[in-house]
Each structure stands twice: as C-alpha cells, then as structure tokens.
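Please look over the protein shown here, and then work through the questions that follow.

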Amino acid sequence: HLGKMKLSEIYFMESVVLLGTIFLQIPTGTLADLIGRKKTIIIGSILYLLSIIWFAFINSPFGVWGANILCMTGLALCDGADSAFLYDSPKGIGEGSGYEKIDGGAVSNRLMMVGICSLLVGYLAKFSLRLPLILSIPGVLFSTLLPFFFKEPPKMEKFSVKRQMSLMKVSVLFVVGHKEVKWIIGFATLIGVTSKIWFFTYNPYFELVKLDLKYYGIVFFALNMIA
C-alpha cells in the first residue's frame, strides 16, 4: 500500500498527522471538560481501535490516510483526558496523594510492555508485516472496553464553551508574560520535534544500512528500556 505512494507524499501525510495531533489537543481537552473525561476516553479508544484494525488490512493510499487520521484523532482525545481523569479521581486528587507515582508507573509499564512486544514483532514481520498488527487487536480491544467500567470523577467546577474560551485566552496571556514558561515550552518542543523527525526517518536509515528486519525489534526494545 505504501509502495503506491511517493516518499514525499508519505512525509507530507506524517507531517499532517503530527501537526493535527498537536492542534487537536486544545479542542479535545475542551470536549473532555464539557462532556466528561470518561466519554472522551471511550470515544478516543474506539477510534484508536478502528485505526489499528484499518492499519492491519489497508491496501490503498486512501486507507493509509484514513487509518492515520483515525489514529491521530483517537490519540488526541485520550491524551490528557486520561491523566486528568486520574488526577480528578479519589485516588489521584489533591497534593501528596501519589498521582505522579501512579501516572509514572503506568507510563513505565507501557514502555516495558512495548519493549518486550517489540522483540516479537521483529520476527513476526519476517513472515508478514500485517501479522503484528492483527495480533495486537485483542489487546487494544481489551483496553478499549476498560473505560466503560470507569466511574466519572466529580467535576470541581462547571464548564461551558464560554468558560473554556476564557481559560484558553488566560493561558495564552500567561505564557506570553512568563519567560521561564516560554523556555520550558521551547525546550519541550525541541525534544518533541527532534524525536518525531527521528521517528519518521529511521526507516529509510535502517534500509540504507541494510538492517535486517528482525533486528528492528531489538533496537526498539533497547529504546523502550532506556525510556
């Protein structure tokens, strides 16, 4: 399917997906405040599940675009809403409650799981590039069903579209007026953009140095363990 797309078209698509994921953070965050974290996470999880299924069976450039856009939207909906859900929950609410430890532990476990699965993916891809995606569907389905059993944490304040627009305006003005915050955002952006550039260019590099497909998994295992 990617063979039907020029390299420039693939990079353009990935750029659109990356920028879309960034800019969707604001409206999806607003949506989470308006309709609730649980509903937002459920919608995002369903879209992400559909994108994985679509990725596993795509056979045209249209499919590549469609799966990427679904994935982009699903990730943007879940990203932030899940952390906010945990922070507002009885276990996560308030200072000194262990929120950072719980959230950090979840990230650590995810990276470890991705690293371990990466070792298997390198060998599975030798048989079929679709096989790892197909085998991942049950796990993604399980994680999609879990949010249905969540209990929405109590809202600390009433939100409205007008209130959200006001908060966005205050946030922008706050950033403009604080040098330290601008440096933090700039540094985070530099790290994020650098990592994304690597993520979208490692494939051509691995092909250039003729890295065997089964060793891709070892590389990603090492990266996730370090992370």
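Q: In what order do the elements of the protein run from the N terminus on?
A: This is a predicted model, in which local features need pLDDT of at least 70, side-chain atom pairs count only at pLDDT 80 or more, and totals for chains, interfaces and linings use all residues. Residues are numbered from 1 along each chain as its sequence is written, and side-chain values use heavy atoms, with hydrogens and water left out. Helices (H or I, at least four residues) and strands (E, at least two) are DSSP runs numbered from the N terminus, and the protein has 10 helices and zero strands. The order is therefore α-α-α-α-α-α-α-α-α-α.

Q: Is Asn 68 buried or exposed?
A: Asn 68 is found in helix α4, which covers residues 61–78. Buried means under 20% relative accessible area, exposed over 50%, and partly exposed in between, with a 1.4 Å probe and protein chains only. Because its relative accessibility is 8%, Asn 68 counts as buried.

Q: Which residues is Asn 68 in contact with, leaving aside its neighbours within four places in sequence?
A: Contact means heavy atoms within 4.5 Å. With the neighbours within four places in sequence left aside, the partners of Asn 68 are Met 13, Glu 14, Val 17 and Phe 55.

Q: What percentage of the residues of the protein count as buried?
A: The C-alpha trace of the protein spans about 55 × 40 × 35 Å along its principal axes. Of the 227 residues of the protein, the share that counts as buried is 26%.
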